[in-house]
Amino acid sequence: MSTLLSKEFLRRLDGISLLLRRPVAGHLRGQHRSRRTGFGMIFADYRPYSSGDDTRNLDWATYMRLDRLVLRMFEEEADTPIYILIDNSASMGGAESEKLKVAKKFAAVLAYVGLLNHDRVSLISFSDGVLKEMPGRRGKNQMWRAIHFLDSLKNEGRTNLANTFRRFFGTGRTRGLVFVISDFLFEQTLEDSFRPLTQHGHDVFAGHIIDPEEESPSLNGQVVLVDSETRESLNAQVTETMLANYRAEFNKYRTKTEQFFKHAGWNYVPIRTDGNFEASVLAALKGEGIFR
Amino acid sequence: MMNFFTSSPLFSLLLVGLIGTVILLYLLRPPVLNRLISSNLIWKRVIGSSPLISERWQWWLSLLLALLITIFLLSSALRPSVDGQADDRTLIILDNSPSMEALTQSGLSRYSVAKDSVMKLLASLSKDVQVMLVDTQRQITTPSFSSVPEAFQILEQLKIGTSLEALVPSQVATVDASKKFIFTDGVLIGSAPEGFTLVSVFQLAPNVGITRLSFATVPGDTQRRQAFVEVVNAGGDSQLVEIELAQSQSLNLTRRVDVGPYEKVTHIFDATKFDSGPVKAAVFSSTDRFKADDTAFGYITEKKQVRVGFVANTQESKLLTLLSLMPRVSVNALTPAEYDALKPAEMSFDALVFDGVPAERKPIVPSIFFGVDSPTWLDITVTPIRSSQLAVKKNTAHPILRNISMSDLLLETAFVFGASDLADTLLEAESGEIVAVAVPGSVKNILLGFDLDKSNLTFLADFPILLSNSIAWLVDGAPILSVNPGVVKLPGDVTKVYRIDGVDIPLWFADGKAYFHTQETGLYTAFTSNGPLRVSVSQLDRRFSDINASKLPTLGSSQDIVNPGLRGYSFAFLAGALTLILLMLDWYLYHRRITQ
């Protein structure tokens, strides 16, 4: 665990809980509001008592006043399925790449907070499909599994989000909170890629890993650019003008990505690999209202 | 291939340099950075505005470049001929005939303009081109192909010639050359030979020149002399011309005359006041653009009293009367016996006249024989003919018959002379028999094959002139030898030739004759065993003055021809240069990954 997150940072995460925008659809008890009524702290409604109901929820004051048995109902607090999808494609770099490291750290933060909040946390690595999955786990004591899972990730393949989502969420997964950690550098459009999640009603949180070398490449002169995923070569005579055009194009691409998620009502957090990860992640997540 | 390397060291050096450069560039090529990046997605969009050619076209482009390089390299090395002609050979004919000395409107002579054009042409040729330079005056005796610098040297040595027989050597028609140029005014050589690029330097030039200058005594008054000056206007406009005859600054004659377009006029000057000696004739015109024919030189011979011995059987002769009436003649009559009794030492006559008397021995002084009867000392056969009313025709070129008419001469009977190189024919019958000859030599003789009483000669009006001319030819010394500039042929006994300013002119001898060469008009004196011989060198020829007799386009309309195609570079040179460029392009494209 210590390889990804420091103890001090974990200690700071101990007091943080997840905030969900909508009621969750978990089946187990948890700390989040659910659409179901049952045992809980927050009053929801009354209904006539029927045989077999828990008599502890009878409203005796109403019985005294109306002489009728009325049952008090409460919102049931349920757990939240949290799906943390980590882009494990070649574009995220090798095992030593900062992008993949940062992605793993970010996934570890999310998993830790989720497990701390008794949510079912699933870790999924993907490229052109699901590569590896850690099924849903609950409880803080499952954090070691998550760390072990993250440590074992090695990037491979080409990114295909649509295929990944179709295959993973097409098997009747419970609606939950989907974290997608990726550099979002792929040919497919975001609309097509995220359509399966939209259809299943998941709440999406995008973690956009940004490498400063991608944002402002340190290239000059004649180079052959080799795509890490497709191995496609691109001859380029890199000039200052071309670099300026590249930076403008990258910013445009990043802005377009952010706008996509915002317009969909989802959360988007850019995570740079060159900054203070811990501070920036906490600030970003709190800023987006995910962490409390 | 060997020919290429041996004939063009410059180009072979270029090729070696090219190969070395390519190898060096190959060795020095910067390493291409292969950069593994996460994704080309953004880069594709950036570079998308200037897409590189597809791989298929890369292959074709690479192939095309390789083919072009191969073709141009082979073309450069093997130098394929065009239409069977060598690509790297240029033939240039430069007309340096006398008419090229005429000035153009720019003030330069036609020859200077032509020479400048040739120099420009030579300068525009690549150094590996072989050039044959040919002139029309045969100053280049054996034209051959040489390098451009050598052609420059040959060109510098060429001068305007004096020969009116301008000639393009016939062998140039068979010369194997890809480019053939002729620079001319077309006056003396006519049109350009077939297959030649004509560069005309012809321009109309006003010109008035002297075409004839001669001196003669006045018939009937041998103490008076006349000068005959023929002036021609070779231009299309009338010219006011001043004609001057001068022996010295103070002794001269001038006359202003109008000469119409293309008109020839003859003016007679009374030159009695001139002493014997050289005379210079000149014409002056304000617009004249050809000076070479503006001056001519002549020589007036010495006149002296002539002592004539008249040998005849009778003293009652019309001929004797006529001789005694001639102003410069003092005549003594002799009988044949008195003549035979004279010893050579006692001979005090300058000339003898035999009237119907056969001379048994060869006279030791110049003589005239009327009614020759087979003299044994004469190396010419003489045969009698019987005829009646022989009409004769004269040799108009001979000075004895100058300015007289013999059209009414009739002979009853005569002796005829056989043809001989020793004698000049004076009169011949219409049927071809020679009836009068003049024998030149140290002792001259005039022989007439008829008696005066057997012809009507004495009744002709021109008989006194004939007699005067005959005596003048016999005793007035050698006539002036009038020649054109160039090679002058003299008698074989000439030992020295001096210019009028005393400069010794070199001589050479061939075939029993003496020769000297002069480009300049003027007077020369040749010394022979018989005394001095005056040589007048003048350009007295109508063809010399006709500098506008050309049908070529005028100067200016053909100036652009001077710069030939390909900017003067040979195809081989250009092919080599293209090969170099293509190799560099190929190298660049390959290392830019534009080609494969």
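**Where the chains meet**

Mentor: Start at the contact between the chains: Val223(A) stands opposite Leu33(B), which is in β1(B). Keep in mind that this is a predicted model.

Trainee: In what sense do β9(A) and β1(B) pair, and over how many bridges?

Mentor: β9(A) and β1(B) pair in the parallel sense, over five bridges. In general, strands of a sheet pair through backbone hydrogen bonds, either parallel or antiparallel.

Trainee: How many residues of chain B are in contact with chain A?

Mentor: 19 residues of chain B are in contact with 26 residues of chain A. On the chain B side, β1 (33-37) and α3 (41-47) each supply at least two residues.

Trainee: Which element of chain B gives the most to that side?

Mentor: α3(B) does, with seven residues.

Trainee: And how do the residues on that side divide into nonpolar, polar and charged?

Mentor: The side of chain B that touches chain A has 10 nonpolar, four polar and five charged residues.

Trainee: Next topic. Which residues touch the most other members of the largest nonpolar core?

Mentor: That core has 69 residues, and those touching the most other members are Ile84(A), Leu85(A), Ala107(A), Ala108(A), Ala111(A), Leu123(A) and Phe179(A). Helix α3 of chain A, residues 98-116, gives the most to this core, with 13 residues.

Trainee: Take Ala107(A). What is it in contact with, leaving aside neighbours within four places in sequence?

Mentor: Ala107(A) is then in contact with Ile84(A), Ile86(A), Leu123(A), Leu150(A) and Ile181(A). Apart from this core lies another, of 54 residues, among them Val306(B), Ala359(B), Phe450(B) and Ala472(B).

Trainee: Show me one sheet. What is the strand order in the open sheet of three strands?

Mentor: The order is β26-β29-β28, in chain B, and the pairing is antiparallel.

Trainee: Why is one side of β26 and of β28 left without a neighbour in the sheet?

Mentor: Because β26 (486-490) and β28 (508-510) of chain B stand at the edges, and each has a single partner strand. From one strand to the next, the twist averages 35°.

Trainee: Over how many bridges do β26(B) and β29 of chain B pair?

Mentor: Five bridges, in the antiparallel sense, with β29 covering residues 513-518. As an example, Val488(B) has Phe516(B) in β29(B) as its bridge partner.

Trainee: Now loops. Where is Arg231(A), and is it buried or exposed?

Mentor: Arg231(A) lies in the loop between β9 (221-227) and β10 (233-238) of chain A. Arg231(A) is exposed because 9 other C-beta atoms lie within 10 Å, and exposed means 12 or fewer. Its phi is near 60°, a positive value in a residue other than glycine.

Trainee: What about Tyr262(B), where is that found?

Mentor: Tyr262(B) is in the loop between β10 (252-259) and β11 (264-270) of chain B. Tyr262(B) also has a positive phi, about 55°, although it is not a glycine. With 14 other C-beta atoms within 10 Å, Tyr262(B) is partly exposed.

Trainee: One more loop residue: where does Ser431(B) lie?

Mentor: Ser431(B) lies in the loop between β22 (424-429) and β23 (434-439) of chain B. Ser431(B) is exposed, with 10 other C-beta atoms within 10 Å. The C-alpha atoms of Ser431(B) and Val392(B) are separated by 8.7 Å, and these residues are 39 apart along the chain.

Trainee: Last thing, confidence. What is the mean pLDDT of chain B?

Mentor: The mean is 81, and 86% of the residues of chain B reach 70 or more.

Trainee: Where is the pLDDT below 50?

Mentor: One such stretch is residues 1-6 of chain B, which has five contacts in the model beyond near neighbours in sequence. Another is residues 557-566 of chain B, with 14 such contacts.

Trainee: And which scores does the model as a whole get?

Mentor: The model scores ipTM 0.79 and pTM 0.47.

Conventions: Residues numbered from 1 in each chain as written. Chains lettered and ligands numbered in written order. Predicted model: local features only at pLDDT ≥ 70, side-chain atom pairs only at ≥ 80, totals over all residues. Helix = DSSP H or I, 4+ residues; strand = E, 2+ residues; numbered from the N terminus. Buried ≥ 20, exposed ≤ 12 C-beta atoms within 10 Å, placed from the backbone. Core = buried A, V, L, I, M, F, W, Y, C linked by C-beta atoms within 7 Å. Contact = placed C-beta atoms within 7 Å. Pairing = 2+ DSSP bridges. Axes fitted to C-alpha atoms, helices over the stretch in contact; angles between N-to-C directions. Nonpolar A, V, L, I, M, F, W, Y, C, P; charged D, E, K, R; others polar. pLDDT = per-residue confidence, 0-100.
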